[in-house]
Amino acid sequence: MIVVMKPGASKSQIQHVVHLIREYGLKEHIIHGTDRTVVACLGDKRAADKGAIENAPMVEKVVPILAPYKMASLEVKKDKTQIPIGADKFLLGGTKIGVIAGPCAVESRDQILQTARQAAEAGCIGLRGGAYKPRTSPYSYQGLGTEGLKLLAEARRQTGLAVVTEVVGLEQIEQVCEYADVLQIGARNMQHYPLLEAVGHTQKPVLLKRGMSASLDEFLLAAEYIINAGNPHVILCERGIRTFEAYVRNTLSLAIIPALRERTHLPIVIDPSHGTGYAYMVPSMCLAAVAAGADGLIIECHPDPQRAVSDGAQSITPDILKGLMEKIRKVAQAVDRDV
Ligand code: PEP
Ligand code: MN
């Protein structure tokens with residue numbers, strides 16, 4: 001909570017406010033600005049009566065600090081952030097919904113080029129695909145690394161799609177920046193603070209995935225790390241959280257869309273693939289996400305899901321994607337958006 005004094009408040013009037021807030025068991029931190037003095041109150045703010053303090057002489061207003069994050073907050077920036085993506089500078093966070101599709105992992109030249117072509121034909125703006133994969137088991141497929149990045153760049157040259165790919169470790173950032181249009185920070189790394197700061201030092205848009213047990217505040221504080229380090233282009237990606245439920249891989253919390261809208265100006269993208277774990281659930285969750293106000297979708301799509309090296313169960317085919325895009329368009333238009 002912050003008490004803003006009116007310009008010209010006297011020392012004794014400021015001291016009076018300090019006494020009041022001390023009576024509430026709070027500590028004061030006085031900031032003398034050029035025009036006015038501000039008294040920041042430290043401690044359990046719930047004990048203080050905002051209205052009562054506002055009633056004190058020469059107090060202009062009492063501003064509750066609603067959120068621990070600042071730069072990510074609507075309190076600091078009211079208009080929605082629009083992030084230019086790729087060579088076409090598609091504005092994510094604008095009227096149009098940006099759809100990103102592609103396999104969980106880049107597996108081969110044919111696989112990524114075919115997927116990219118069909119995703120572009122369907123009307124997607126981005127191609128996803130991990131070259132570096134964060135796998136639960138060290139024995140699982142770890143990705144093609146540099147070779148995978150080169151294949152993604154080739155797919156971009158052929159289709160014009162923006163490349164979205166994950167940076168798993170600090171040492172990869174420089175190289176991934178050479179090839180990617182958007183840096184993905186995976187759910188497992190959402191609280192890897194040195195990594196967040198390091199991508200914050202780049203100029204690339206960052207797709208930040210919500211940690212699988214991260215609260216909304218923790219998610220926004222992770223975004224705050226990136227913005228605070230100098231990169232305002234943060235895209236929030238909900239990808240489902242761990243719950244007791246077993247009928248899904250993760251529980252896709254679509255209610256986070258309106259909750260985030262109340263708190264932040266950053267664009268919101270939904271990942272219905274990791275958010276459910278099953279291909280058959282992906283189309284309906286895409287439509288629901290768009291209806292609920294998502295700015296974009298990131299969908300796992302594989303030409304042959306049954307033979308995918310990772311996340312085959314949740315990958316849709318390019319044919320399904322094509323039909324789905326038409327439905328996404330209709331829902332988007334129903335909520336005054338488009339694709
Ligand atoms: C992915 O996008 O393939 C991925 C690993 O996602 P997450 O970090 O959300 O698990
Ligand atoms: Mn995956």
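I call a residue buried when its relative accessible area is under 20%, computed over protein chains only. The model is predicted, and I read every value below as computed from it.

Metal site. I looked up the manganese ion (ligand 2) and found that Cys 104 (SG), His 274 (NE2), Glu 300 (OE) and Asp 311 (OD) coordinate it, at 2.0 to 2.4 Å. Along the sequence, I noted the spacing of these donor residues as C-x169-H-x25-E-x10-D. I then placed two of them: His 274 is in the loop that runs between strand E13 (268–270) and helix H9 (282–291), and Asp 311 is in the loop between strand E14 (296–300) and helix H10 (318–334), so this pair ties together parts that are 37 residues apart in sequence. Is His 274 buried or exposed? With a relative accessible area of 7%, His 274 is buried, because the limit for that term is under 20%.

Ligand 1. I next asked which residues surround ligand 1, and found 13, the closest being Arg 128, Lys 133, Ala 187, Arg 188 and Arg 239. For polar contacts I noted a side-chain atom of Arg 239 at 2.6 Å from an oxygen atom of ligand 1, and a polar backbone atom of Ala 187 at 2.7 Å from an oxygen atom of the ligand. Glu 300, which I had already listed as a manganese donor, also has a side-chain N or O atom 3.4 Å from an oxygen atom of ligand 1. Of the 300 Å² of accessible area that ligand 1 has on its own, the protein covers 97%, and I located ligand 1 in the largest pocket.

Terms used: Residues are numbered from 1 along each chain as its sequence is written. Chains are lettered from A and ligands numbered from 1 in the order in which they are written. This is a predicted model: local features need pLDDT of at least 70, side-chain atom pairs count only at pLDDT 80 or more; totals for chains, interfaces and linings use all residues. Side-chain values use heavy atoms; hydrogens and water are left out. Donors are N, O and S atoms within 2.8 Å of the metal (3.2 Å for Na, K and Ca); water is not among the atoms, so sites may look incomplete. Helices (H or I, at least four residues) and strands (E, at least two) are DSSP runs, numbered from the N terminus. Buried means under 20% relative accessible area, exposed over 50%, partly exposed in between (1.4 Å probe, protein chains only). A residue is near a molecule or strand if one of its heavy atoms lies within 4 Å of it. A polar contact is a pair of N or O atoms within 3.5 Å; within protein, one must be able to donate a hydrogen and the other to accept it, and residues adjacent in sequence count only if both atoms are side-chain atoms. Accessible areas come from the Shrake-Rupley method with a 1.4 Å probe; for residues, only the protein chains shown count as cover. On a 1 Å grid over the protein atoms alone, a cavity is a set of points where a 1.4 Å probe fits but cannot get out, and a pocket is an open set with protein on both sides within 12 Å along at least five of seven lines; lining residues have an atom within 4 Å of a point. A molecule sits in a cavity or pocket if more than half of its atoms lie within 2 Å of its grid points.
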